[in-house]
Amino acid sequence: MALSNVKCGVSNCRYWESGQRCNASAIEVHTDNGSGQANQSRETNCKTFETTR
Ligand code: SF4
């Protein structure tokens with residue numbers, strides 16, 4: 001079952017489903033630089049991502 005209130009645009013993730021839905025049981029998000037602090041959304045990313053390829 002897709003996570004409610006999670007909208008994702010990464011369509012090649014194995015957990016992604018049509019309609020920008022995420023079928024992971026939970027997601028983990030971190031900063032790109034590992035500092036634990038971000039200034040903009042683009043500096044964060046989903047670590048639960050797994051490629052379909
Ligand atoms: S695990 Fe992360 S990247 Fe994959 S569909 Fe869910 S939110 Fe998107």
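Student: What makes a run of residues count as a strand or a helix, and how many of each does the chain have?
Tutor: Helices (H or I, at least four residues) and strands (E, at least two) are DSSP runs, numbered from the N terminus. By that rule this predicted model has 4 strands and 0 helices, in the order β-β-β-β from the N terminus on.

Student: How do you know how confident the predictor is in the chain?
Tutor: The confidence in each residue is given by pLDDT, on a scale from 0 to 100. The chain has a mean pLDDT of 96, and 100% of its residues reach 70 or more. As the model is predicted, local features need pLDDT of at least 70 and side-chain atom pairs count only at pLDDT 80 or more, whereas totals for chains, interfaces and linings use all residues. Residues are numbered from 1 along each chain as its sequence is written, and side-chain values use heavy atoms, without hydrogens and water.

Student: Which residues are around the ligand, and what makes a residue count as near a molecule?
Tutor: One of its heavy atoms must lie within 4 Å of the molecule. The residues around the ligand are C8, C13, Y15, W16, C22, I27, C46, T48 and F49.

Student: Why is this shell described as having 8 nonpolar residues?
Tutor: Ala, Val, Leu, Ile, Met, Phe, Trp, Tyr, Cys and Pro count as nonpolar, Asp, Glu, Lys and Arg as charged, and the others, Gly among them, as polar. The cysteines C8, C13, C22 and C46 are among the residues around the ligand and therefore count as nonpolar. The shell also has 1 polar and no charged residues.

Student: What does UniProt place at residues 6-49?
Tutor: The unreviewed UniProt entry places the feature "domain: DUF1540" there. The span is 0% helix and 23% strand, and its end C-alpha atoms lie 13 Å apart.

Key:
UniProt positions renumbered as here; feature names shortened; annotations may be inferred.
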